[in-house]
Amino acid sequence: MLTPAATVAQTFIRNQPWHASLTPGQQARLMEQLTFVKGEKGDCLLPAGATVKGWYAVLDGLVKLQSTSAEGRVSAFLGVPAGEWFGEGSALKAEPRRYDVVALRDTTLLCLARADFQALQEQNLPFNRYLVAHLNRRLGQAMALIEAGRLRSPEERVALYLSRVFWPGVRKLSLSQEELGHLVGLSRQTVNRVLRQMERLGLVSLAFGRVDILNEPALLNYPARA
């Protein structure tokens, strides 16, 4: 009998755009090799310096990818919600993981074994097309983060992290103010102030643990119109 995580994983993998290009035998073998990592809020699920075992996806929950400087300063640079892959750069290189993966809520990760990842990369064109598109999106996010860290105000950084750059297609974000603060690198109090101002301007609607985007064009220009 399949575990709940395995059942969710089957559905998730079958919905990948490259899955249909695999033979039935390849599909079965891939599913047999999947492994899982589970943790509670605050747990470091994948530590920096650890051997990379494969390509990961968030089955449920939310994680942040963060690094720690030599002085001990922690910097979160990306949040990954349920349904998204991460760590493709680590899976492509034979080196230890460069960042910590920390659960912002109770989370289950799926791991596509590195050998299977490499085989798909070497042999499967649809998989490579998907991987290139995914890497291109991550590059766009990286450039946005560099700009945000160097040039943007706290208000602009919050607006950026709510945009489609990081949440494509999702306009009702299951994201608490605490979680958003972790991702943006701002205090919960600052995030609350910015979100309340956005709400007064009709850019977002706030509920417990959720931010609904109401006016994305205006959000992208925030705080110019504030």
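How accessible is arginine 137: buried, partly exposed or exposed? Arginine 137 is partly exposed, with a relative accessible area of 23%. Here, buried means under 20% relative accessible area, exposed means over 50%, and partly exposed lies in between (1.4 Å probe, protein chains only).

**Before you start**

This is a predicted model, in which local features need pLDDT of at least 70, side-chain atom pairs count only at pLDDT 80 or more, and totals for chains, interfaces and linings use all residues. Residues are numbered from 1 along each chain as its sequence is written, and side-chain values use heavy atoms, with hydrogens and water left out. Helices (H or I, at least four residues) and strands (E, at least two) are DSSP runs, numbered from the N terminus.

**Stop 1: the salt-bridge network**

Select Glu84, Glu88, Arg137 and Arg138. They are linked in a network of salt bridges. A salt bridge is a side-chain nitrogen of Lys or Arg within 4 Å of a carboxyl oxygen of Asp or Glu. Side chains of opposite charge can pair when their charged atoms come close.

Start with glutamate 84 and arginine 137. Their closest N and O atoms are 3.1 Å apart. The pair joins distant parts of the chain: glutamate 84 sits in the loop between strand 5 (74-81) and strand 6 (85-86), arginine 137 in helix 5 (residues 125-151), 53 residues apart. Glutamate 84 is buried, at 13% relative accessible area.

Now pick glutamate 88 and arginine 138. Their side chains form a salt bridge at 3.7 Å, N to O. This pair also links distant parts of the chain, with glutamate 88 in helix 3 (residues 88-92) and arginine 138 in helix 5, 50 residues apart. Both glutamate 88 and arginine 138 are buried.

**Stop 2: a nonpolar patch**

Keep helix 5 in view and select methionine 143, which is placed there. Methionine 143 is exposed, with a relative accessible area of 52%. With Met143, they make a nonpolar surface patch of about 300 Å². Patches are made of residues with over 30% relative accessible area and no salt bridge: like charges are joined within 9 Å, nonpolar side chains (Val, Leu, Ile, Met, Phe, Trp, Tyr) within 5 Å. Accessible areas come from the Shrake-Rupley method with a 1.4 Å probe; for residues, only the protein chains shown count as cover.

**Stop 3: a negative patch**

Select Glu40, Asp43, Asp60 and Asp106. Together they form a negative surface patch. Lys and Arg count as positive and Asp and Glu as negative; His and the chain ends are not counted. The place of a charge is taken as NZ of Lys, CZ of Arg, CG of Asp or CD of Glu. To locate aspartate 106, go to the loop between strand 7 (100-103) and strand 8 (107-113).

**Stop 4: lysine 41 to helix 7**

The whole structure holds 13 salt bridges. Select another of them, lysine 41 with glutamate 178, at 3.0 Å, N to O. It spans distant parts of the chain: lysine 41 is in the loop between strand 1 (35-39) and strand 2 (44-46), glutamate 178 in helix 7 (residues 177-184), 137 residues apart. Lysine 41 is partly exposed at 49% relative accessibility. Glutamate 178 is partly exposed at 36%.

Stay in helix 7 and move to glutamate 179. Glutamate 179 is buried, at 8% relative accessibility. Its C-alpha lies 9.4 Å from that of valine 63, 116 residues away along the chain.

**Stop 5: helix 1**

Select residues 4-14, which are helix 1. Which residues of helix 1 are buried? They are Ala5, Ala6, Ala9, Phe12 and Ile13. Seen down the helix axis, these buried residues fall within an arc of 120 degrees, so they line one face of helix 1. The arc is that of the directions from the helix axis to the C-beta atoms. Turn to the face away from the buried side for the exposed residues Pro4 and Arg14.

**Stop 6: two loop residues**

Go to alanine 20, in the loop between helix 1 and helix 2 (24-33). Alanine 20 is exposed, at 69% relative accessible area. Alanine 20 and glutamine 123 are 14 Å apart, C-alpha to C-alpha, and 103 residues apart in sequence.

Finish at proline 168, in the loop between helix 6 (154-161) and strand 9 (172-173). Proline 168 is partly exposed, at 39% relative accessibility. From proline 168 to glutamine 16 is 16 Å, C-alpha to C-alpha, across 152 residues of sequence.
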